[in-house]
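Work through the following exercises with the structure at hand, and try each task before reading its solution.

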Amino acid sequence: MILRYGVQLENGPFNRRTADFLWMMIFGAATLLVLAALPFFETFFMGVSLVFMLLYVWSREFPNANINIYGLVQLKAFYLPWAMLAMDVIFGSPIGPDLCGILAGHLYYFLTVLHPLAGGKVMLQTPMWLRKVVAKYRIGAPTNTQTQATRNTGGAFSGRSYRVGG
């Protein structure tokens, strides 16, 4: 699930914004650690919660995508975290880690998307130090690799050519 929905987020809303995607994951992990200290959410393995956080953010970015669960139920992506939560409850899994991930995902989405859309200030920006680290180590796709046409100044072939691979 992390691979499928993480890649779609990286290629969609976080395209060429590797630092922002990394910040989302860091913020989600930190939020989950804080929530894990609360008695109701107390857990020692937060992997499921991180999956639910990523799933929640994905479902808000792609709310109208059609999802098919086990070939039985088709629903809009907006409802996917809640459907997965219901399935975990039916199968007897604890509800705390799932809710913890949904809460962390909603907190991130609220602070970065919903609050600014309502006219508020962006309260959670990617720190400059993280952007510098990503740029320094060239993590992710470079931001300025546009394909540029080059002109052939003579010779037998006078057609247009394009540089391959940026």
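**Exercise 1.** At roughly what angle do the axes of helix α1 (residues 2-11) and helix α3 (residues 47-61) cross?

*Solution.* Bear in mind that this is a predicted model. The axes of α1 and α3 come within 10 Å and cross at roughly 40°. Angles under 35 degrees would count as roughly parallel, and 65 to 115 as roughly perpendicular, so α1 and α3 are oblique to each other. The crossing of this pair, α1 and α3, is left-handed. On the α1 side the contact is made by I2, Y5, G6, Q8 and L9, while α3 contributes V51, L54, L55, V57, W58 and E61. Sorted by class, the contact of α1 with α3 holds 8 nonpolar, 2 polar and 1 charged residues.

**Exercise 2.** Determine how helix α2 (residues 18-36) is placed against α5.

*Solution.* The axes of α2 and α5 come within 9 Å, and they cross at roughly 135°. Because only angles over 145 degrees count as roughly antiparallel, α2 is oblique to α5. The crossing of α2 and α5 is right-handed. Residues of α2 that make the contact include D20, M24 and F27, and among those of α5 are C100, G101 and L103. By class, the contact of α2 with α5 comprises 10 nonpolar, 3 polar and 1 charged residues.

**Exercise 3.** Which residues of helix α4 (residues 80-90) are buried, and against which elements do the buried residues of α4 pack?

*Solution.* In α4, the buried residues are L80, P81, A83, M84, L85, M87 and D88. The buried residues of α4 pack against the helices α1, α3 and α5 (96-117), and also against the strands β1 (66-69) and β2 (73-76). Just after α4, G92 adopts a positive phi of about 90°.

Methods. Residues are numbered from 1 along each chain as its sequence is written. This is a predicted model: local features need pLDDT of at least 70, side-chain atom pairs count only at pLDDT 80 or more; totals for chains, interfaces and linings use all residues. Side-chain values use heavy atoms; hydrogens and water are left out. Axes are lines fitted to C-alpha atoms, for helices over the stretch in contact, and angles run from 0 to 180 degrees between N-to-C directions. Helices (H or I, at least four residues) and strands (E, at least two) are DSSP runs, numbered from the N terminus. A crossing is left-handed if the near helix is turned anticlockwise from the far one by less than a right angle, and right-handed if clockwise. Contact means heavy atoms within 4.5 Å. Ala, Val, Leu, Ile, Met, Phe, Trp, Tyr, Cys and Pro count as nonpolar, Asp, Glu, Lys and Arg as charged, and the others, Gly among them, as polar. Buried means under 20% relative accessible area, exposed over 50%, partly exposed in between (1.4 Å probe, protein chains only).
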